[in-house]
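Try each task before reading its solution.

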Amino acid sequence: MSRRFSDRQLYQARNHIPIRYVIETLLTIPSETVEGIFRFRCPLCAGRDTAVKDETNLSRCFHCGENFNAIDLCMHVKRMNFVESVKFLLECNSQATSATSMPAAIPHEPKRKPLESPMPVREIISGLLANGLQTAPNIPPQETPLAPPAPHDIAELARVVHDLSQILKYLKDTYHLK
């Protein structure tokens, strides 16, 4: 059985594109730098106890114990198989080397317009449910239909809802409300 990729191609896909760039720009995984440490949301457990090691170009979630290279992250976040993930990274790498800087966004994904003003969470959730999880209320329909929500978007919503429920529980307990 012949291999689809050479050792050099696999090495490039895993190691040539900086893992932080893969997380922040290519996959747009929510991330932040806290006290000088880069953190991102784990695509498996949605935990934020994560880190990257630039020397090895790897990332790790300390909550679920998973290690990720660039290919692993593409497979989990974009729901691609191994071959598709390697092709995606090689394509991004060739675009980056042909341009003077890394591309600003994934070329095949439509951009979402930001809202004019913040919306209450209740309206957002009810709009998502009413519209079959395709769009939020008060957002004009796009010319092309939106893709189903990404797993990391669903995980982020679950984290926000969990955090809100913890805050509500604390407030109810503090003020003895039912």
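**Exercise 1. How many salt bridges does a search of the whole structure find?**

Before starting, note that this is a predicted model, where local features need pLDDT of at least 70, side-chain atom pairs count only at pLDDT 80 or more, and totals for chains, interfaces and linings use all residues. Residues are numbered from 1 along each chain as its sequence is written, and side-chain values use heavy atoms, leaving out hydrogens and water.

Solution. Step 1: apply the criterion, a side-chain nitrogen of Lys or Arg within 4 Å of a carboxyl oxygen of Asp or Glu. The search finds 2 salt bridges.

Step 1: look at Arg 20 and Glu 24, whose closest N and O atoms are 3.5 Å apart. The two residues are 4 apart in helix 2, about one helical turn; helices here are DSSP runs of H or I with at least four residues, strands runs of E with at least two, numbered from the N terminus.

Step 2: turn to Arg 39 and Asp 49, which meet at 3.9 Å, N to O. Arg 39 belongs to strand 2 (residues 37-40) and Asp 49 to the loop between strand 2 and strand 3, so this pair ties together parts 10 residues apart in sequence.

**Exercise 2. Is Leu 177 buried or exposed?**

Solution. Step 1: recall the classes: buried is under 20% relative accessible area, exposed over 50%, and partly exposed in between (1.4 Å probe, protein chains only).

Step 1: find Leu 177 in the segment after helix 6 (151-174). With a relative accessible area of 53%, Leu 177 is exposed.
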